[in-house]
Amino acid sequence: MTARSGGPADGSWPHPIIHLPHEQELFARGRGVQDHIADAITAFAGSMAFVYVHMLWFAG
């Protein structure tokens, strides 16, 4: 075995990363309505507005 951790012993680690042209655009086309709703919920839940609403809710 080699001294590196997390990879195979034959030295073939790390694997090359392949980027497709227009990768983001191709990914966006395959997303549905549920994905967009989930993104909106996640964006709000990760905001400070969410924290302030909960502070007011639980203080009340």
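Buried means under 20% relative accessible area, exposed over 50%, and partly exposed in between (1.4 Å probe, protein chains only). This is a predicted model, in which local features need pLDDT of at least 70 and side-chain atom pairs count only at pLDDT 80 or more, while totals for chains, interfaces and linings use all residues. Residues are numbered from 1 along each chain as its sequence is written, and side-chain values use heavy atoms, with hydrogens and water left out.

Start with the protein chain in cartoon view. It has three helices and zero strands (DSSP runs, H or I of at least four residues for helices, E of at least two for strands, numbered from the N terminus). Buried residues account for 0% of its 60 residues.

Next, select Phe 50, which is partly exposed because its relative accessibility is 25%.

Then turn to the salt bridges (a side-chain nitrogen of Lys or Arg within 4 Å of a carboxyl oxygen of Asp or Glu); the count is two. Select Glu 25 and Arg 29, whose closest N and O atoms are 2.6 Å apart. Both sit in helix 1 (residues 23-29), four residues apart, so about one helical turn separates them. Arg 29 is exposed at 60%.

Finally, select Asp 39 and Arg 31, bridged with closest N and O atoms 2.0 Å apart. Asp 39 is partly exposed at 39%, and Arg 31 is partly exposed at 23%.
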